[in-house]
Amino acid sequence: MAAKQTLFQKLVNEKNAQAYEDKTGLKYSWQVRFIILLLTIVGCSFFFVFHLEQDVNTNNQVSGVVGSTWSEQSIISEYSFPIYKPALQYQNEINKAMKSVPSVFIFDKNSYKIAKDHWNLIEDLFSSYNESSESVLATPYLTESNIRVFTEMKKNQRLKFLSKAKTVLNEFIDMIYKNGFVDIAVSGIKTDYIILQTDDNQRKNIQTLLLTDNSTLSDKFEKNVLSRFDLDVHELLKQVVSENLRPNLLYSADLTNIQKSMAKNSVARTMGVVKKGEVIIDKNDVITDDHILKLNSYYMSENMQSESRISLTNVLGSIGHFFTIYTVLLFYLFYIRKKIFYDNAQLAIISVILILSSMLAWVSMEIPSSFPLEYLIVVPAFSMLAAIVFDSRTGFYVTVTIALLVAGIRGTDYITGVSLMFAGTLAAYTVKDIQNRTQMFQSIFFIFLGFLVPITAFNLERSMDMDIMIKQLILASVNSAISPLITFGMLIMTERISNIATDLRIQEFDSLNHPLLKKMSDIAPGTYQHTLSVATLAERCADAIGANPLLTKVGTYYHDIGKMSKAEYFTENQMDIGNKHDLLPPKKSAQAIKDHVSEGILLARQYKLPKRIIDFIPMHHGTTLIKHFYAKAVEQAAEDETVAQSDFRYPGPKPATKESAILMICDSAEAMSRIQVKDNSELEKMINNNIKDRLLDGQFDECEITMKDLETIKETIFKDLISRGHQRVKYKEIPKKDDKQESK
């Protein structure tokens, strides 16, 4: 059973290794890639075409170019058209008109009658009361305690109280209902008067200050009634009023809304007329607000005259506009960053960034505001995200694409496009070598600087009002402050959803206290020491050629974890136990060595290591030949027997990055450094042959490492190994005669 289990485990490990580079799933499906590209084109083009309430919001074809020169041909009106007020001005006038509309109330004539009848009933019961009568106890409007207050009065007191209460309460009730008792809070009425509509459709105005509501009723009652009576009858009088008074002016939302609608419709939408044949703007004119107003009105009139505001040509043109911008980024990804282009998860992240940017640009157009909302578009946040998730070069291309996209959606808004592109570029390069998440907040200054320079330059060039520049800088500072926070949040979501490991995630595994490394130090101490040596060497090489030192070091930490399953089969762990390969055929020895790759992948997945780290496990050997056992097999083979190299090669894949290629070179170089050599020149020759063999074997064909990089790596390795192998001077012992002198 044990043998079968071992065979089964081998098959599982081999299957894992073979499936390591399986590119047949959804992540690499060309159909999914096509859908992602199509959705990106449709989603972004939508924001070029669609606009809300075009009859109110002017189509800002030339927004954001005040002070620049009109470089196109002169525009002459082909027909007379009205000059539409700016959307914000028009909306403010509507809001002002609607706020000035007084609330409309309906008169309830029964409220006063009911209040008077209730009071008269109580008054009659009180008047007919005598000591032998129990009639007053029958009223449902008073509590027993308040009745007792009345009945315990002396007869003269009762008569005096009733006479005074009759006069005072009747005056109070008449006053409240005459001025108006409303069923809503008076504080919510913002106008100086209200409109009262009677049953015969007559209307009259009532001053708001005279009105009473439930909250002011008690104050008025205390001032006009209670202040004229002794304290012991206050509760009795309060109950009489609270039980009997109800509003006689009832708020009508329907009638009020009709009034507001009429006020809205009364606001003029236009502010002048441009006649047929009139020059709207001449070529080389400096664009003013008046020009923009007339141009936008002209474009809007054209849209309103057409049968469909969104025509087929408009849609096709918008798609072409976006596709032209998008193609630049696609060419870069297809020719320079193929790994991103063919990875649907990474391509989807870029698509989401583009669609979100388009939506924000569209929203900045659709919301009427006196503030330049375009400077709240968080392009720097998207730039930093792209730079962290991918690389700074990709972050730059994404930034340029987003900036062009925003400028296009906002109607060729050159100023905004340049400002966002400059701020986004600085943001992307400030996180180029990011090592921890708090480092993102250092980008705030550079993002603001990226806004400050173009905003100041454009405003000085066009002699803009200082107020406009201040508003732009205020929103730019807000953008600078929130962009790192947004990047931080998006980065966490991206890492969890897509399982893409950024350098920040890799940093979490840069610890020798990780359970896997601690386990390796116990089970395979020789491999552990070898790993630490190679990690230091590889990190220096990565730094020397401009690769990623952090990824190289962390990837090296875990590249040999598979050796733990059979630690005794590897030389560095064979301490006083003999070499087990002496008892095995060469082919089985080679298989035992190769197994550490598949077993390492399996172990890495169990411990949920990121794929960028797992890549180092199979790639650090690539498809290299296990020379020692291949040579041994050739020696032992019969004359007519052929030894297949495939049986003695690692399963691969070959290194796909500079970092994994560095590890391949450093791993074997560090092992060779333990071989005793005559002098430094022999060590240098061994290192050079090691690199040459792998180069000629095609191990570097799938990564971007150059001959110059290989030369730099060779020099770095040689210097490092020489410094490690230096010999110390033998220190002298203290002569015995000195000991004698010292004892004296």
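Accessible areas come from the Shrake-Rupley method with a 1.4 Å probe. On that basis, the protein exposes about 39600 Å². Carbon and sulfur atoms supply 56% of that area. The model is predicted.

The protein has 744 residues, and 48% of them count as buried. Its secondary structure comprises 30 helices and eight strands. Take the contacts between residues at least 6 apart in sequence: 80% of these join residues at least 24 apart.

| Helix pair | Axis separation | Angle |
|---|---|---|
| α4 (residues 109-127) and α6 (residues 155-179) | within 11 Å | roughly 175° |
| α23 (residues 586-606) and α26 (residues 627-636) | 9 Å | about 165° |

Start with the pair α4 and α6. Their axes cross at roughly 175°. Angles over 145 degrees count as roughly antiparallel, so α4 and α6 are roughly antiparallel to each other. From α4, the contact uses S111, Y112, A115, K116, W119, E123, F126 and S127. From α6 come L162, A165, K166, L169, N170, I173, D174 and Y177. By class, the residues of this contact are nine nonpolar, three polar and four charged.

Now the pair α23 and α26. These helices pack at an angle of about 165°, which makes α23 roughly antiparallel to α26. Their crossing is left-handed. On the α23 side, P586, S589, A590 and I593 make the contact. On the α26 side, the contact residues are F629, K632, A633 and Q636. This contact has five nonpolar, two polar and one charged residues.

Conventions
Residues are numbered from 1 along each chain as its sequence is written. This is a predicted model: local features need pLDDT of at least 70, side-chain atom pairs count only at pLDDT 80 or more; totals for chains, interfaces and linings use all residues. Side-chain values use heavy atoms; hydrogens and water are left out. Axes are lines fitted to C-alpha atoms, for helices over the stretch in contact, and angles run from 0 to 180 degrees between N-to-C directions. Helices (H or I, at least four residues) and strands (E, at least two) are DSSP runs, numbered from the N terminus. Angles under 35 degrees count as roughly parallel, over 145 as roughly antiparallel, 65 to 115 as roughly perpendicular and the rest as oblique. A crossing is left-handed if the near helix is turned anticlockwise from the far one by less than a right angle, and right-handed if clockwise. Contact means heavy atoms within 4.5 Å. Ala, Val, Leu, Ile, Met, Phe, Trp, Tyr, Cys and Pro count as nonpolar, Asp, Glu, Lys and Arg as charged, and the others, Gly among them, as polar. Buried means under 20% relative accessible area, exposed over 50%, partly exposed in between (1.4 Å probe, protein chains only).
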